[in-house]
Every structure is written in C-alpha cells, then in structure tokens.
Amino acid sequence: MSNHSPLPGADRLRTVLLILIAIVLADQARFLFTYPVPDTGMWFGDESWTMLTVRALARSGVARVPEALGSSLSHSNGLINGSIWLSGLMYGVPAILFSNAASTVVIGRAITFILSVVSLFFVYRLALRLGASSTASMIGVMALVISNVFYFSSHSARLDVLTGLAVLMYMFLLVFVFLKCEKGTPIGRWAFLLPFFATLSLTIYVHVPTLIVFPLLYSVWRFGFSNSLQKFTLFVAGALSGFVIIVAGYWLSTGSLDLLGKGYNQYYNVANSLPVLHLLSWRVQKINTLDRFLQIWDIAWPLVAMIALGIVARIWKRDSLNSKERFFFVNAILLLIGWMLFGGPAVFYNIHIMPVAAVCCVVLIAPIFGRIEKSGQALVPIIIAAVVFVIVSQEKRGRVGERLVTGNNEAIHSLINLLGSNTNPPIILTDEPAESQIAAFSNVRLMTNHLLLFGEENKPLSEIFQEQHVDYLLLYSGVHWRSPFHPIADSLYHWIGERVGTFTDLGRTYDEPHWNEFDTLRLYKAR
C-alpha cells in the first residue's frame, strides 16, 4: 500500500497521466512492424536469428539456426545460450502456430510489445510496494514510456525486453521477501527458492542470471542465510537443483554438454569481449562508462533527468531513504555493476535495467510529488508538452521506417515471387535486410550469411556454396556499404534482375534519412 494519502488534485493528475501513457503507447504501436526497420541498422540480423532459433527450439528442443547452412550456428548453441526453453515457449511456439499468418519477426515484435506493457505494470506495482504514491509511480512509468529506449526496444523480436522484465520481477521478489523478513515472518524456504529461480532464469536468456547474481548474494547476506548452516545448505541445494534441471534438460535434448557450442561462433565472440575481462583496458572501460552514459542520456534522458532531480531534492531536503528503499537501492546499484561487468555496451542491452531504473526514479521523486499533488494540475501543461514533443519525434522516425520497410518488401517480392517451388524450394542466400521476408516464404529456403564469420569448415566460399546447392544470391548495396558476397556473386553467379530504391537504414539515420541516396537489391542465379 502507498504511504501517501490521496490529496486534492491527485486524481485529476493520475487520470491525465494514464491517458497520456495510453496515447504514447498507441502511437508507438502504429509503427510496431516498421520502426526500427526489421533486422537492419540497429538489430543487424538479430531479430530473424533470434526468432529462427526459438522456433527451432520449440520444434526440436535444440536452440540453433537451421538456416545458417555451413555455419557453426546451425548446430546447438551450447548449454549456456541453448537452454532458453522459457523463451522458446513464449516466442517459438507462436512462431510455429502463426507461421502462415505473419513472418517470425512480426510475431516476435507483437509478443515483445505485450511484454513491454506488462513490464510497465510491474514498474508501477513495485513502486507502490516501496511506498510511493500512485501519482509518483505513474510519473516513473511515463518517464520510461517516453524514452526512446522503450520505443525501439518494445519494437524488437529479440529477448531484451523479456530479460528486463525477468530482472524487474526478480527484484520485486527480493523486495517481497525483504518485507516478510522485516515483519518477522519465517522466510526459510526462500533460502532454497531464491537461488533456484535465479539459476532457472538461464531458461530466459543468459543475461538474466548474470544481472541478478550480485543482488541475490547481497540479499542472502541481508536475510541472514549465510549465518545459518541449515539455510546456507538450502541455498546451495536450490542453486544445484536449478543447475541439475538445466543440465539434464540440455543433455536430453542435444546429447551434449558443450558450454558454448561447437566451433567458433558469435557466442565465443561475445564472451571474449565482456568488459569484466578487460578491466585494465582504458579503451574498453571508456566505452563501458563514459560512452555508455552518453548513450543512455541520448536514449533515456527523461529517466536520467528525473533520477538526477530526485537525488538533488533528496539531498537538499535531507530526506533519507527508509529501510526498504535502502534495500532496493543497494540491489539496484549491484544490478548496475553486474550490467556493466557482464553486458556489452550495445544500445539494445540498456532495456535490461531500464525498468528497474524507472522504479529508482519513482522512489527518489516520491517525496516531491507527495508534497505537490494538491496542486498537481499545474504539472499538466508541462507533461502534455513533453508528450507532444515525444509523439512528434516518434511519428518522424516511424514514418521513415514505414517508407523503408514498404520499399524493401516490394523490391524483395518483385524479385522472388516467380522463383518459388513447392516441390523443390530453391535455396536463397541473402543479407540481413531480406532475411525476415525470405524466411516467411513457404516455397523457397532461406540461407543466412553466418558462414562468412562463423563458418564451420575451412573451405573457400565457392566450394561451400556448391556443396550446399545455393541456387540464388539476393544481395544489397548502398552508397556507404556493400554486401560482402558481391565478389563471389560476380564470379559464380549471373545477374538476373535488380531493384533500386530506399530499402534499409544502413548508412542513413531516422533523423536524416537522405532519401536522395539509393540502395540496390540484386538477384543472382547459379551458373
């Protein structure tokens, strides 16, 4: 329950906030499938690769990219990245059931958007649980919704929003147990359940357990589990039980216990670049700290500004945190440390911690809004102005994405429509901007370009293409970039058609799309 009683004007302000949040979400939903452009610029193929992986997991129990012919990714991703069964259930099963109605990326984005709205609900509920008023809680939700990080992350067929939601709910669970502990309620069983759930979070995404491990260890100490042999034994038993379930499940589905799969793959590449492995590198740590902060300011300035305002107000008024707020903030700081050590600086990883940051925002500003709710109507014009500014920005970026997606889809279909065969579907290797569309065709077979970086055989590309019977190449080029497969296309394939237009966001931005610079999509057939 909130510690703040409703004050005059609060109801009106809450109503306005709720309506404005709904308006912003509705406007974002209009461009759900067009901004950012699927698979290109921001995601660079990750959407199709993710959805193909979870679809394969739902079908066979093995997380892999079957379409990555000639690549190590066509096999199991390894225990650490291949145990995402919960994600496979949530994303992979719908991708199979609705495959005839939409592409995998469209299905994935629809699921992600629903999860994003669910995360807003839990931000609100956790803020209330920590004692904030409903008005302050809605302000935190609003700050998150109007941040560009929420806009583009909720429009992604990746697992980042699900990761952020899982982290938020685990923090909610820790607060729940803390409040029971404060009331003197027995919490012995949580000595087993907390590490058990933390270990099983690997079934969502590898980032979840690495993000929550420090808050878990602090909470174990805070709850006194480390001071009791019985509770410490339960803690170890909980972690081992979750580990045994994951290992057994992976062994039964793959017959292997490889941690990162076989051969050099993108997971080895990511693991080797973790900031925690390069603590003494100034270049890495500059990217991990200063550059990352500037990135966060750019994509989540409303949250950063509100947190800064809350900190200044707390210090100025000497308004200290109470016990449950301190418990939450210590865990939030530990979460931030884990995120900086084990998560790369990629822009899409920011949503992993942003829901928790929104709760921090609420807790910090709660006393401010507790004092001004009686004159809350004075805030309405300011909030409306901010929302109008955000919607104008959303519309501009969404329209750019819409134009690019429309042009790209029309070009792909005009070249591919006459090639398909239901009895002997031809194999088409293509670049990232066309993967989602080609994967949705039932009468052709997609081949992703993973073999270029993660080839499983030390053979020339020409030999692999012949072995895999690659019938067509569908390749892109633009003013500032060119498909790496063009040289082999010129030597082994012959050109049969092309389309010129604006197809991708590679080499252009949503603020400056440069419509006078054109992309070219070329189709080649094996000689």
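User: Which element gives the largest share of the lining of the second largest pocket?

Analyst: The largest share comes from α13, which supplies nine residues. This is a predicted model, in which local features need pLDDT of at least 70 and side-chain atom pairs count only at pLDDT 80 or more, while totals for chains, interfaces and linings use all residues. Residues are numbered from 1 along each chain as its sequence is written, and side-chain values use heavy atoms, with hydrogens and water left out.

User: What makes a space a pocket, and what makes a space a cavity?

Analyst: Both are sets of points on a 1 Å grid over the protein atoms alone. In a cavity a 1.4 Å probe fits but cannot get out, whereas a pocket is an open set with protein on both sides within 12 Å along at least five of seven lines. A residue belongs to the lining if it has an atom within 4 Å of a point. By that test the second largest pocket has 22 lining residues, and Ile296, Ile307, Leu336, Ile353 and Ala357 lie nearest its centre. Two or more lining residues come from each of α13 (282-317), α14 and α15 (354-372).

User: How many cavities are counted, and what lines the largest cavity?

Analyst: The count comes to four cavities of 30 Å³ or more. The largest cavity has a volume of about 50 Å³; a volume is the space filled by probe spheres set on the points, which are joined across faces, edges and corners. Its lining is made up of Gly478, Val479, His480, Trp481, Leu506, Gly507, Arg508, Glu517, Phe518 and Asp519.

User: Why is Ser483 called buried?

Analyst: Buried means under 20% relative accessible area, exposed means over 50%, and partly exposed lies in between (1.4 Å probe, protein chains only). The relative accessible area of Ser483 is 3%, and therefore Ser483 is buried. Ser483 sits in the loop between β3 and α20 (486-492). Residues up to four places away in sequence aside, Ser483 touches Asp431, Leu475 and Tyr476; contact requires heavy atoms within 4.5 Å.

User: Why do Phe328 and Lys286 fall into separate classes of accessibility?

Analyst: Phe328 has a relative accessible area of 1% and is therefore buried. Lys286 stands at 31%, so Lys286 counts as partly exposed. Phe328 lies in helix α14, and Lys286 in helix α13. Leaving aside neighbours within four places in sequence, Phe328 is in contact with Leu126, Leu130, Met171, Val175, Val356, Val359 and Cys360.

User: How do you know that β3 and β5 are paired strands?

Analyst: Helices (H or I, at least four residues) and strands (E, at least two) are DSSP runs, numbered from the N terminus. Two strands pair if DSSP finds at least two bridges between them. Strand β3 (residues 472-477) and strand β5 (residues 519-526) have six bridges, in the antiparallel sense, and Tyr476 has Leu521 of β5 as its bridge partner. Strand β4 (residues 493-501) also pairs with β5 in the antiparallel sense, over eight bridges; there, Val500 is partnered by Thr520.

User: In which sense do β1 and β2 run, parallel or antiparallel?

Analyst: Strand β1 and strand β2 (residues 445-447) run parallel and are joined by three bridges. Leu429 stands opposite Met447 in β2. From β1 (residues 427-430), Ile427 and Leu429 point one way and Ile428 and Thr430 the other, and all are buried.

User: Where does α10 bend, and what follows the bend?

Analyst: A bend is the angle between axes fitted to the seven residues ending at a residue and the seven starting there. In α10 this angle is about 40 degrees at Val213, and Pro215, a proline, follows within four residues. Pro215 is one of the buried residues of α10, which also include Leu211 and Ile212. The buried residues of α10 pack against α8 (160-182), α9 (190-200), α11 (229-254) and α14 (323-342). Just after α10, Gly224 takes a positive phi of about 80 degrees.
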